[in-house]
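Me: I'm new to this one and would like a walk through it. Can we start with a single spot and work outwards?

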Amino acid sequence: MTGPTAPGGDRLAARLRGVGVSLGGRPVLADVDLDVPRGQRLGIVGVNGAGKSTLLRVLAGVLHHGSGTAELAGPDGRLEDLHDVRPRERARRVAYVPQEEVVAAELLVGEMVALGRVPRTRPWARGGRDEREVVLAALDAVGLADRVDSPCDQLSGGERRRAVLARGLAQQCPVVLLDEPTNHLDVAWQLRLLDVLAGQAETLVATIHDLDLALRYFDVLAVVGWSGDGAPGGPATVVAVGPPADVLAAGHVARHFGVGSVQVPHPHLDQPHLLIHPRRDHP
């Protein structure tokens, strides 16, 4: 495990340096350094309230940071200040799907997913055959192609979540940012969706609370938490970045998540699993 940045050389999709964020006058994040390697899956983990969603919103450009720099790679690979990129162009480079989103009940599923195409089409060019094929492909990826003409208010909670993720896929951006993408999904769809996202997103950044899924489905993990004399309630930062097996070593899990853990190999698959248990030193 490395320090607060991950290896990536010049092949970065985004970069944060010394980023600080305050919400309602309260410091939430401070001195955040983070590299997002292009072409990899970066998972952001941490306890509730540490600032994972806030960090993702900074990367998406929907939340202005108070200090430091946030940079995004352009088509030529060069990094430029995130807020120097016009919103429409930023929406062509980064697709952001928040954790909770209200879906307009009056829209059909296909219409809602087609909103992801807005940054890439001119108003008079929308709704053509090519655009409909993109929408159908995105819905098919999440198992909802047969619901394209259904009203959004007829979807279950899990189906709505998958439809919103389909909208992010339809945006066809090189960088996809997802806040807790497996929320509201049953276990089969959690596994299937992570496979789909890994195959369709060039660079994927996702916050995720399930540490076992984080261990198995990401190339790099970043832990948002408190270091040194920091304590919950004060501003958090990125305290560790590296390969999942290193970041989720037993000592780090105990320190940053307050539980015991052990990594064990799957008896039939070439992948590890993380088993969680109460810390023995806790009453």
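**Starting at one proline**

Reply: Let's start with Pro119, which sits in the loop between α3 (109-114) and α4 (129-141). Helices here are DSSP runs of H or I with at least four residues, strands are runs of E with at least two, and both are numbered from the N terminus. This is a predicted model, where local features need pLDDT of at least 70, side-chain atom pairs count only at pLDDT 80 or more, and totals for chains, interfaces and linings use all residues. Residues are numbered from 1 along each chain as its sequence is written, and side-chain values use heavy atoms, with hydrogens and water left out.

Me: Is Pro119 buried or exposed?

Reply: Pro119 is buried, at a relative accessible area of 12%. Buried means under 20% relative accessible area, exposed means over 50%, and partly exposed is in between (1.4 Å probe, protein chains only).

Me: What is Pro119 in contact with, leaving aside neighbours within four places in sequence?

Reply: Arg88, Ala91, Arg92 and Gln171. Contact means heavy atoms within 4.5 Å. As for Leu178, 59 residues apart from Pro119 along the chain, the two C-alpha atoms are separated by 18 Å.

Me: OK, zooming out. How many helices and strands are there in the protein?

Reply: The protein has nine helices and 12 strands. Its C-alpha trace spans about 60 × 45 × 35 Å along the principal axes.

Me: And what is the radius of gyration?

Reply: The protein has 19 Å, which agrees with the value near 19 Å for a compact globule with 283 residues. The radius is taken over C-alpha atoms, and the globule rule is 2.2 Å times the number of residues to the power 0.38. Of the 283 residues, 49% count as buried. Among contacts between residues at least 6 apart in sequence, 64% join residues at least 24 apart.

Me: Now strands. Why is β9 described as largely enclosed?

Reply: Six of the six residues of β9 (residues 220-225) are buried, so the strand is largely enclosed by the rest of the structure. In a regular strand, side chains alternate between the two faces of the sheet. For β9, Val220, Ala222 and Val224 are buried on one side, and Leu221, Val223 and Gly225 are buried on the other.

Me: Which strands does β9 pair with?

Reply: β3 (residues 41-45) pairs with β9 in the parallel sense over four bridges, while β10 (residues 237-242) runs antiparallel to β9, joined by five bridges. Strands pair if DSSP finds at least two bridges between them. Leu221 is a handy residue to look for: Gly43 is its bridge partner, and Gly242 in β10 stands opposite Leu221.

Me: Where is there a hairpin?

Reply: β1 and β2 form one, with two residues between them. Eight bridges join β1 (residues 12-23) to β2 (residues 26-37), and the two run antiparallel. Leu23 stands opposite Arg26. Gly24, in the turn, has a positive phi of about 60°.

Me: Which residue other than glycine has a positive phi?

Reply: Asp31 has one, near 55°. Asp31 lies in β2 and is exposed, with a relative accessible area of 60%. His184 also has a positive phi, near 70°, and lies in the loop between β7 (175-179) and α6 (187-200). Most residues other than glycine have a negative phi.

Me: Switching to helices: how many residues of α1 are buried?

Reply: Seven of the nine residues of α1 (residues 52-60) are buried, so the helix is largely enclosed by the rest of the structure. The buried ones are Lys52, Thr54, Leu55, Leu56, Val58, Leu59 and Ala60. After α1 comes Gly61, with a positive phi near 85°.

Me: Last one: what lies over the face of Trp189?

Reply: Arg162 does, at 4.0 Å from the ring centre. A charge sits over a ring if NZ of Lys or CZ of Arg is within 6 Å of the ring centre and within 35 degrees of the ring normal.
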